[in-house]
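Open the model in your viewer and keep the selection tool at hand.

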Amino acid sequence: MLRLILRLRPSAGLPSPRVLPAGPGAAAVALGSSSRSVPGTGCLRRLHGGAGSRAVILGSGFSHRRALLRCPQLSGGDNSTRFYSLPPHQKVELPALSPTMQTGTIARWEKKEGEKISEGELIAEVETDKATVGFEMLEECYLAKILVPEGTRDVNIGSVICITVDSPDLIAAFKDVTLDSLKAAGAAPSSAASVSPPPPAAAAPPAAPGSSYPSHMKITLPALSPTMTMGTVQRWEKKVGEKLSEGDLLAEIETDKATIGFEVQEEGYLAKIMVAEGTRDVPLGTPLCIIVEKESDIVAFKDYVETGVAEVSTPPPAPAPVAAAPAAAPTPAPAAAAPAGPRKGRVFISPLAKKLAAEKGIDLAQVSGSGPDGRITKKDIESFVPSKVAPAVAAAPTPAAAAPAPAAAAAAPAGTFTDIPISNIRKVIAQRLMQSKQTIPHYYLSVDVNMDQVLELRKELNAEVKAQNIKLSVNDFIIKASALACLKVPEANSSWLDTVIRQNHVVDVSVAVSTASGLITPIVFNAHTKGLVGISSDVSALAAKARDGKLQPHEFQGGTFTISNLGMFGVKNFSAIINPPQACILAVGGSEKRLLPADNEKGFDVASMMSVTLSCDHRVVDGAVGAQWLVEFRKFLEKPVTMLL
C-alpha cells in the first residue's frame with residue numbers, strides 16, 4: 001500500500017464557494033460576500049466573452065491540488081457573522097490527492113470525535129485512484145464532528161468531511177450537526193450577503209476592461225507537492241500560438257521536491273505566457289499563462305497585462321524593497337514602520353502559538369498572523385521580531401545605514417567567490433535535515449560485515465543473467481538483506497507519529513540518490529517480496545528518473561526504512577541523518593581487505609569487510625533492539641543463501 005503524508009492547513013468554517021451567476025454585476029456581489037475558497041473545491045476562473053462575463057470552476061487535478069494548500073480569501077467578510085449560530089470552527093474538505101482524482105473513499109479515521117489533534121498528527125486515510133493517502137493537520141485542534149463515516153465510498157472532491165475547533169469546550173455545540181444542516185446554515189447567509197453589499201457592487205467597474213477580451217482561461221501555478229508553497233518555471237514546452245491537446249506537457253515546474261511536468265487538461269491555444277521561463281519563487285496561484293479556444297483569439301492577448309488580482313500580485317513585490325534598499329535608503333524606514341501598528345479586535349491564534357507567545361513574553365497585538373483569517377501560528381511566533389528593533393534602525397542616519405553594505409561587499413575582492421542561488425529542493429533538504437537533527441534523538445550503532453560470500457554469489461549470478469543485460473550490484477544485496485531484517489525486527493520498520501508508534505507490515509526501502517539539484521530518496525516498494533533482479537531493475541530505473549528530474553511524487557514520498565551508500569566513493573564509514581517520520585537509516589561504507597585471525601597454518605585469513613552504521617530514533621528503537629537488527633542484517637549478508645528461506 002502506497003502511503004503519502006499530506007499536510008492540510010485548517011480552513012475557516014465557511015461554505016464552499018459556488019459558481020457565480022452570470023453577469024458582471026452578479027460577480028461583483030459575490031466578491032463582496034463573506035464566503036471563501038476551501039481546500040479541494042477547485043478554483044474559480046473568469047471567462048470573459050463580449051460584454052457579459054460568467055464564472056466557471058476548472059476541474060483539473062492541478063487546480064484542486066493548488067487549492068489544497070492555498071486558501072485565498074474573498075474580501076468583505078465580517079467576523080460577527082462568519083459562523084452564524086455555531087462557535088468558531090474549521091471545516092476540512094476532501095482535497096484532490098492526485099491529478100486524476102475525482103472521488104475518494106474514507107478508508108479510516110485515525111482520530112475520534114472529541115480527541116485532540118496535535119500539530120502534524122494524521123487525522124484520516126483516504127483511498128484515491130492511485131493509492132491510500134494520509135493527511136495531517138498543521139496546527140493543534142480538536143475533532144468536533146465527523147461528517148463522512150469511515151468506509152464511505154465515492155466522496156466528491158470538495159465535500160466537507162469533518163469539523164475541527166480550537167477548544168474542547170466547543171465540541172458539544174456540534175453534536176447534532178449534519179451535512180444537511182451545514183448546507184442550510186450556509187444558504188441563508190449567502191442570500192443575505194448578496195442583498196446587503198451595495199458598496200462592494202461599486203467596485204465592479206475596475207473589472208470591466210477584462211470584458212473586452214474573448215473567452216479565455218487563466219492557468220495558475222498549482223501545488224504539485226503537499227509541501228509546495230512556491231515554484232520555479234524551469235521551461236515552457238509550448239510557445240505562444242501553438243495548439244494544445246489534452247494531455248500535452250505545457251511546462252516543467254521545479255517544486256520543493258522535484259521537477260514535475262505540468263499537463264494541459266483541455267484542448268486550446270496558448271495565447272499568452274505571463275511568467276517567463278526561469279522565473280524563481282513564483283507563489284502558488286500566480287497566473288502562468290492564458291489559453292483560448294479559438295486560434296483567431298490569440299492576437300487579442302498580445303499586449304495583455306494581468307490586473308485586479310490583489311492576492312496574486314502582493315507576494316512578488318515583497319523581494320523588491322530588499323533589492324532597492326541599498327539604492328534608496330529612505331524608503332525602507334517608513335515601510336518597516338508600517339507593520340508596527342498593534343492589532344485591533346479579536347486575535348485568532350492556535351493554542352500552541354499562544355503557549356509559545358506566553359513563554360517568550362510576546363505581545364500578540366504586535367504579531368501579524370499568516371494563517372487563515374489572520375490566525376497566528378507557531379511559525380509566526382518563532383519568526384517574530386519585536387517592533388522595538390525598528391526605531392533603532394530608523395534612528396540611524398540614512399547615509400550611515402547605507403554605508404555598511406558597500407563596505408561588506410568591498411571586503412571580498414571581485415572574482416574570489418560565486419553566489420549560487422538556493423533551489424527549492426535545496427531549501428526543503430535544509431529544513432528537513434534541521435528538523436531531524438533538532439527533534440529526533442539520534443544514536444548510532446556500527447558493525448563490520450564479511451562480504452566474501454556476497455561477492456562470490458554476485459559473481460555467479462551475474463554470469464547467469466549476463467545474457468539478459470542485467471548486472472546485480474552489492475547494493476541490491478544490501479537492500480534485500482535490510483528488508484528481511486526489518487521483518488525480523490519490526491521496531492526498526494516503524495514511524496513516530498507523536499501519539500502512536502506505527503509498525504509497518506511492508507518494507508518500502510528509500511534509497512538515497514545524489515542529483516545535481518540535491519539528495520532525493522526514491523522508494524523500492526515491497527522490497528521484502530522482490531528478488532534481486534527486481535530490486536536491481538527498480539533501483540536503476542528510479543535513479544535514472546531522479547537524475548533527470550522525472551520522478552513522480554508517489555515515487556519518493558513515503559518509505560519505511562532508508563539506505564544511504566557512499567561505499568563507491570571510497571568512504572569507509574559515516575553516520576546518516578534519519579529521514580522522518582522513519583525510525584532508522586543505514587549508512588553503508590565501502591569494502592576493504594582485512595586480515596582476520598583464523599585456525600590455519602598462516603594463522604589468519606584475508607576477507608572483504610564492510611562497515612555499516614545504523615542511525616536510530618531512540619523514541620522508537622531502543623539500543624538493544626537496534627543491535628538485534630544489525631545482527632539479523634549481518635547474518636543475511638554473511639550467509640546470503642538464507643535470504644531464500
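Select Leu-595, Phe-604 and Val-606 in this predicted model. Together these residues make a nonpolar surface patch, with about 280 Å² of accessible area. Val-606 sits in strand 30, which spans residues 604-617. Its relative accessibility is 47%, so Val-606 counts as partly exposed.

Next, go inside. In soluble globular proteins, nonpolar side chains tend to be buried together. Select Leu-586, Val-612, Trp-629, Phe-633 and Leu-637: they have the most contacts inside the largest nonpolar core, a set of 52 residues.

Centre on Trp-629. Which residues does Trp-629 touch, leaving aside those up to four places away in sequence? Show Ser-482, Ala-485, Cys-486, Val-489, Ala-492, Phe-561, Leu-586 and Leu-614.

Another core, of 22 residues, lies apart from the largest one. Leu-224, Met-228, Ile-260 and Leu-284 are among its members.

Last stop: the cysteines. A disulfide needs the two sulfur atoms within 2.5 Å. Cys-162 counts as buried because its relative accessibility is 1%.

Return to Cys-486, one of the residues that Trp-629 touches. Cys-486 is in no disulfide. The nearest cysteine sulfur belongs to Cys-584, 7.3 Å away. Cys-486 is buried too, with a relative accessible area of 2%.

Key: Residues are numbered from 1 along each chain as its sequence is written. This is a predicted model: local features need pLDDT of at least 70, side-chain atom pairs count only at pLDDT 80 or more; totals for chains, interfaces and linings use all residues. Side-chain values use heavy atoms; hydrogens and water are left out. Patches are made of residues with over 30% relative accessible area and no salt bridge: like charges are joined within 9 Å, nonpolar side chains (Val, Leu, Ile, Met, Phe, Trp, Tyr) within 5 Å. Accessible areas come from the Shrake-Rupley method with a 1.4 Å probe; for residues, only the protein chains shown count as cover. A salt bridge is a side-chain nitrogen of Lys or Arg within 4 Å of a carboxyl oxygen of Asp or Glu. Helices (H or I, at least four residues) and strands (E, at least two) are DSSP runs, numbered from the N terminus. Buried means under 20% relative accessible area, exposed over 50%, partly exposed in between (1.4 Å probe, protein chains only). A nonpolar core is a set of buried Ala, Val, Leu, Ile, Met, Phe, Trp, Tyr and Cys residues joined through side-chain atoms within 4.5 Å. Contact means heavy atoms within 4.5 Å.
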